[in-house]
Amino acid sequence: MGTSEGLPVHDSARFAVIGAGLSGAAAAWRLAQSGEEVIVLERDEPASALGSSHGSARIFRYAYPDPFSVGLVVRAKGGWDELEAASGQRLITPSGSLDCGVVRDPRGLAAALASEAVEHELLTAGDAKARWPQINFDGEVLWHPGAGVIDAESSVEAMIDLAQVAGARVHLGWDVESVRRASSGYLLTSTNGDTVHAEQVIVAAGGWLPALLGGLDLPSAFVDALPQFEVRQENAFHFLYRDTADCGETPDDAATTWPTVIYKGEHIQAYSLPGGRDAQFRGQKVAEYNGGRVIPSARAQDGRIDPQNRKRVVGFVEHFTPGLLPTPYAETTCLFTNVPREDMIIDRAEGITILSPCSGQGAKFAPLLGELVLDLVSGSERAVERFRAAGQRFAGV
């Protein structure tokens with residue numbers, strides 16, 4: 001396929017996308033859909049269990065404290081509808097969502113939803129308990145029925161398939177070691193010495209990004225402006241429904257029997273959602289928000305459950321969700337990447353774009369992320385100014 005900088009080049013394209021999780025798959029789909037030549041480089045396999053997009057249960061929700069983010073979710077839903085139609089699959093199972101807890105501020109969330117005309121109800125604790133007796137509430141509750149459960153793995157596969165139909169090429173087992181400037185564009189080199197040439201590079205490496213940053217040929221001023229990335233190995237636990245009538249996979253035209261729940265109180269912040277296709281929707285997946293240990297990057301994950309985290313989550317289930325059996329029947333770890341302002345990073349320097357939908361933002365926005373990247377690399381840059389790198393640091397750093 002030719003050479004670059006004296007090395008054999010095994011493939012080349014205008015765009016190389018590093019990572020085949022939700023973000024990378026979305027970027028590849030939208031770029032290929034627009035007629036661009038795209039190569040996807042994935043160190044493992046699409047929606048890898050070692051990344052942040054595996055499994056079948058992520059939350060799709062509209063509730064944000066600011067109208068800008070609510071409006072982005074509204075835009076993203078149009079992309080989800082397009083993806084479901086193009087793939088012939090249901091990728092979001094309707095569930096509705098409950099937001100509660102004094103830190104969560106249900107009343108403030110309701111105001112933001114109202115500003116974007118998103119259907120919702122603000123309920124007293126008593127009214128919410130009457131409607132969902134399997135859950136305890138300690139204050140006002142926001143209900144918005146448009147929420148659901150995203151099948152993350154199937155969504156990645158659908159976007160990768162559509163990208164390939166549009167001409168994208170996917171290289172699996174391709175672990176990027178470096179991205180260096182070439183005489184034109186960039187030379188990407190894998191850990192085993194394979195090379196790819198691209199005019200532009202989209203880095204969608206998730207929790208692997210901190211370990212890769214040093215290998216990217218980025219201007220020093222841009223690197224200095226990047227926020228501090230914090231990777232956590234989170235713990236997630238699955239609890240069976242106490243009422244067996246709630247168990248079982250729902251038919252294609254039905255919603256889940258339980259809603260998703262986000263609770264942010266003074267002593268714990270946790271989320272709960274129906275366990276998804278992998279768990280046959282027979283229980284809730286429950287986790288403490290940012291309850292896992294901080295690790296340098298995804299390379300340091302070990303898959304070990306933190307027993308103290310398990311104890312806190314079980315205590316939350318016992319107190320807050322009496323409709324669940326309080327002993328987890330399954331447990332796992334997953335990656336969670338944060339930046340200080342809990343926002344997404346979509347920014348570029350010269351020909352390298354960093355796509356990092358951090359702090360739990362990525363899944364619900366997935367199809368829209370591809371659109372935002374396409375806008376950025378094509379120069380229109382709509383709605384991405386907010387996501388520029390801004391030198392954010394965590395307290396004490």
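## Basis of the model

Because the model is predicted, local features need pLDDT of at least 70 and side-chain atom pairs count only at pLDDT 80 or more, while totals for chains, interfaces and linings use all residues. Residues are numbered from 1 along each chain as its sequence is written, and side-chain values use heavy atoms, leaving out hydrogens and water.

## Overall form

The protein has nine helices and 22 strands; these are DSSP runs (helices H or I, at least four residues; strands E, at least two), numbered from the N terminus. Its C-alpha atoms fill a box of roughly 70 × 40 × 35 Å along the principal axes.

Of the 397 residues, 56% count as buried, that is, under 20% relative accessible area with a 1.4 Å probe, protein chains only. Among contacts (heavy atoms within 4.5 Å) with a separation of 6 or more, 73% are between residues 24 or more positions apart.

## Helix α3

Helix α3 spans residues 106-115, and its buried residues are P106, L109, A110, A112 and L113. Seen down the axis of α3, these residues fall within an arc of 165°, so they line one face of the helix; the arc is that of the directions from the helix axis to the C-beta atoms. In general, an α-helix has 3.6 residues a turn, so residues three or four places apart point the same way.

The buried residues of α3 pack against α2 (67-87) and the strands β7 (97-100), β8 (121-123) and β9 (141-144). Just after α3, A117 takes a positive phi of about 55°.

Technical notes:
Buried means under 20% relative accessible area, exposed over 50%, partly exposed in between (1.4 Å probe, protein chains only).
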